[in-house]
Amino acid sequence: MAKITISFFCCFRFLFEYFEVIIMSKKANKYIDLNMPWDLYKNPENHDRLACVLYNLCEAMRIVSVLISPFMPETAAKIQEQLNISSEICTWDKIKNWGELPKNTTVNKSVILFPRIDVQKELEE
């Protein structure tokens, strides 16, 4: 019975963490929709606000990278590489603190981590 309980707990923990990642990612997407960084960029008077928005999004992705690391380690590493951040701020203890990402961090050129799937093309194959 103990093995079943431990197994159930491990599965539940995995699902809980997965849903935390989904929730955080959806909140980041909502934040993008509300703040429209593409519009902030157009007006130089809004560049300070743009910097704040981009910082918050990078900080959210830092945290997401740690949350996904147990089940998507390569993707987590790619996110951290794109954010140009050290592993020192990508630990379970460090994600408890918002603002660990150094100010004025320059991100690396991004690559597509999750390419869009052409459903029609996939169905035809």
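Just after α4, N84 takes a positive phi of about 60°. The model is predicted: local features need pLDDT of at least 70, side-chain atom pairs count only at pLDDT 80 or more, and totals for chains, interfaces and linings use all residues. Residues are numbered from 1 along each chain as its sequence is written, and side-chain values use heavy atoms, with hydrogens and water left out.

Helix α4 spans residues 73–83; helices are DSSP runs of H or I with at least four residues, numbered from the N terminus. Its buried residues (under 20% relative accessible area, 1.4 Å probe, protein chains only) are T75, A76, I79, Q80, Q82 and L83. These residues lie on the same side of α4 because they cover an arc of only 160° around the axis, the arc being that of the directions from the helix axis to the C-beta atoms. An α-helix has 3.6 residues a turn, so residues three or four places apart point the same way. On the face turned away from the buried side, α4 carries E74 and E81, which are exposed (over 50% relative accessible area). The buried residues of α4 pack against α3 (47–68).

Residue R62 belongs to helix α3 and is buried, with a relative accessible area of 0%. Beyond its neighbours within four places in sequence, R62 is in contact (heavy atoms within 4.5 Å) with L83, I85, I89, C90, K94, I95, N97, E100 and L101. A polar atom of the R62 side chain lies 2.5 Å from the backbone oxygen of I89. For the backbone oxygen of N97, the distance to a polar atom of the R62 side chain is 3.0 Å.

Conventions:
Helices (H or I, at least four residues) and strands (E, at least two) are DSSP runs, numbered from the N terminus. A polar contact is a pair of N or O atoms within 3.5 Å; within protein, one must be able to donate a hydrogen and the other to accept it, and residues adjacent in sequence count only if both atoms are side-chain atoms.
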